[in-house]
Every structure is written in structure tokens, then in C-alpha cells.
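I opened this notebook to record what I looked up in the structure.

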Amino acid sequence: MAAREATRAYDSAQNSNTSDWTSANYTSANSEIRYALRLLRNRARDVVRNTPFAKKALHTIVNNTVGAGIMANIKSPDLRQQKNVQALWHKWAETTLCDYNGEQNFYALQALAMAAVVESGEVVARVRSGKGKISLQLLECDYLDQYKDLADGCVQGVKLDENDQIIGFWLFEKHPGDYSATGIVNLIPAEQVIYMRRIERPNQVHGVTWFHSVLETINSYNDLQAVTLVRQKVAACYSAFITSPESGTESLASQAQLQARRQLDSNLEPGAIRYLRSGEKMELAKPPASEGYADFSKITLRAIAAGLGITYESLSGDFSNVNFSSGRMGALEFQRNIEVWRWHMLVPQFCEPAFEAFSKW
């Protein structure tokens, strides 16, 4: 399949704004993602960096899903053993011992990993051991070598066996986009890697940024804001036109005086007074209006919120049309999404593998 055809599976990975159903292809999840993965990821990061509502959406998802952190509930029939394991877990998870870089505790790592999944689609954590301790090294998904693909028995850096089970990851030693990148790639066994992403189709290997269905909408909304801002700036600058009766009897001296006065009066200033000659009149240009901007903004932000699985109110901070019943229904729906993200992805793909790594300490 040509790269151009595969990229069409995601409108946000195209370079044209067409809606001709060419994206409705008979392809697998991995084929759809293969050529669009990096482009979608880069564009999602761009909108999060530069669009306030996108950053707000990211923080809303992470803060509600992770909160202060998902706690481990350790149970054992041996109460003494349970108490000892609990003490060791607190020592490991609630300090910076769990972080390979020695900067964050386990709950901060949960939030950072969740943010990476929402923004970039997936996150990798290497389980590091040495010097009598085990720690987690969070890595952006860019560390996966996407050129290890197909012929190498891989799907863009994720190595599979003959039964399509993940058995390893081809990881760069340095971030490939870093100035100190070396280009060195190593195959890391799956047992030493925690790999988290949202799986939306069977047999899907890589995760896609959660912004993929709203990138075009966000881009259009940014264009609307830019145009509206220019329109309002123009509206704030009153333009004036001075008309005078035609006359061919003026002397050269009076024409020169008129030209000099026009040059002097070419700019409008606050509080300025301009005196017109006999027969002249001033007309102010009608400033452009921004009718419908507020309504269109609400519709657009509702579409963005729906695409990300959050409420319009949590995205926009606008509670002007919310009553108790509607607010409660929206909150309940959002809470169901949070439970799915937490217990179908974050806990089984990140928290439980991290606890398994800790148990080997």
C-alpha cells in the first residue's frame, strides 16, 4: 500500500481539507496507523503547545484520571507479610526511589505517563535494575525505532513473534530528536519494558494521539480566532474619508497648501480635532462586525470536547447554561470515561506491571 493511500485513514494526517470518503479503506489498524503515526503525534504536540484549550483538555483528562495518584491495595493472609510489603511499597512508590532520574514519585510518574499517552498516543517505561534497586525510566514513544518494521518482524519498533505476541522493543539510546542523538538502537526484551497505549481495535499494536479526531477542528478554530482578532483590530481603528468638491480654479499655491494639510491630517489620534475647509465633509468607515462568533465557538468547543471524551464545561469553563440536572448528567458520563481510562488502560498496562517490577526488588 502506498504511503499516501495509508495516510488518508486519518484526516488529520492529510495536507488537504477534503471530505470525499477516501479515508474509508479496507485496512487493518496497524496499516492505518503506520504512515500517519508520527505526523499525528507531531501535530498533536503542536496544538497542545500553542492552543490553550488543547492544553486544558490534556490537563483535564490527566487530573481526573490520575488525580493525586492511584494507590496500591496490598492484601495478604499473612498480616505481618502484608505490613512489611506495604512498608516497602511506601518506601519505593512514595519517594523518588522509583524514578530512574530520581526526581518524581510513582504517582507523579502515573500522571506523566498518562499525559504522554493522551498527547502522543503511547508511552514506554524501561524497568532499570542495578545497585540493589529497581526503578522506572519513562521514555517518549519517539524512542521506538519506526524503521524497524515489517521485514524485521516488527511494527515500527515493536518486535512480534510468529503468534503476534510482543517480545521486544527496538529503542534508541537517546531521543532521536535530541541534539545529542547517537542513532544507536538496542533490542530490549518485553519483560524489561512497560508499554501503555489506548487500544481501540483488535490486534492494534501502536496507540494514536487522543487528539486525532479533533486536530482539524482545533486548527479551524485557531484560524477563526485569528481572523476574528484581525477583524476586531480593524474595528478599533476608525477609518475616515474626506471628500471635497471638484474645482479646477484653485491656484498652484492653494493646491500645495491642500496637499500639505492632507499629509498632516493623514493619521487619526484619540481626542484629535480636524477642521475641514468649506465644502469638505468627513465620513467614517463602518467597522466589520463579529456576528455569530460566540455561537460558533461554543459549537466548535463542544465538538472538541466530544472527540476527547470530556464535557464542554470542563473544557471551556463556561457554566452559564448549566443547571443541576444537566451538570450532573454530564459529570456522570465523564466519570464513566474516567473509569474506563483508569481501569482498562492505566492500571493494567502501567500500575500492575510497575508493581510486578517492584516485587522483584
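I took buried as under 20% relative accessible area, exposed as over 50% and partly exposed as in between, with a 1.4 Å probe and protein chains only. Helices (H or I, at least four residues) and strands (E, at least two) are DSSP runs, numbered from the N terminus.

I noted that this is a predicted model, in which local features need pLDDT of at least 70 and side-chain atom pairs count only at pLDDT 80 or more, while totals for chains, interfaces and linings use all residues. Residues are numbered from 1 along each chain as its sequence is written, and side-chain values use heavy atoms, with hydrogens and water left out.

Entry: the sheet containing β5. I found an open sheet of four strands in the order β3-β4-β5-β6, paired antiparallel. β3 (154–155) and β6 (185–189) are the edge strands, each with a single partner, so one side of each has no neighbour in the sheet. Two strands count as paired if DSSP finds at least two bridges between them.

I then followed the partners of β5 (residues 166–172). Three bridges join it to β4 (residues 158–160) in the antiparallel sense. Leu-160 has Ile-166 as its bridge partner in β5, and Val-158 stands opposite Phe-169. β4 and β5 form a hairpin with five residues between them, and Asp-164 in the turn has a positive phi of about 65 degrees. On pairing with β6, I counted five antiparallel bridges; Phe-172 has Val-185 as its bridge partner there.

Entry: the other sheet. Three strands form an open sheet in the order β2-β1-β7, with antiparallel pairing. β2 (133–140) and β7 (193–197) stand at its edges, each with a single partner strand, so one side of each is left without a neighbour in the sheet. I recorded eight bridges between β1 (residues 122–130) and β2; Val-127 has Leu-136 in β2 as its bridge partner.

Entry: helix α11 (residues 324–359). Its 36 residues have end C-alpha atoms only 46 Å apart, short of the 52 Å that a straight helix would reach at 1.5 Å a residue. The expected span is 1.5 Å times one less than the number of residues. I located a bend of about 55 degrees at Val-347, with Pro-348 following within four residues. The bend is the angle between axes fitted to the seven residues ending at a residue and the seven starting there.

Entry: aromatic rings. I searched the whole structure and found 13 aromatic pairs. Rings of Phe, Tyr and Trp (its six-membered ring) pair if their centres lie within 6.5 Å; planes under 30 degrees apart count as stacked, over 60 as edge-to-face and the rest as tilted. Trp-89 and Phe-358 have ring centres 5.1 Å apart and planes at 80 degrees, so the pair is edge-to-face. Trp-89 lies in α5 (residues 79–93) and Phe-358 in α11, so the pair ties together parts 269 residues apart in sequence. Trp-89 is buried at 2% relative accessible area, and Phe-358 is buried at 5%.

I also examined Phe-169 and Tyr-195, whose ring centres are 5.2 Å apart with planes at 65 degrees, so this pair is edge-to-face. Phe-169 lies in β5 and Tyr-195 in β7, so the pair ties together parts 26 residues apart in sequence.
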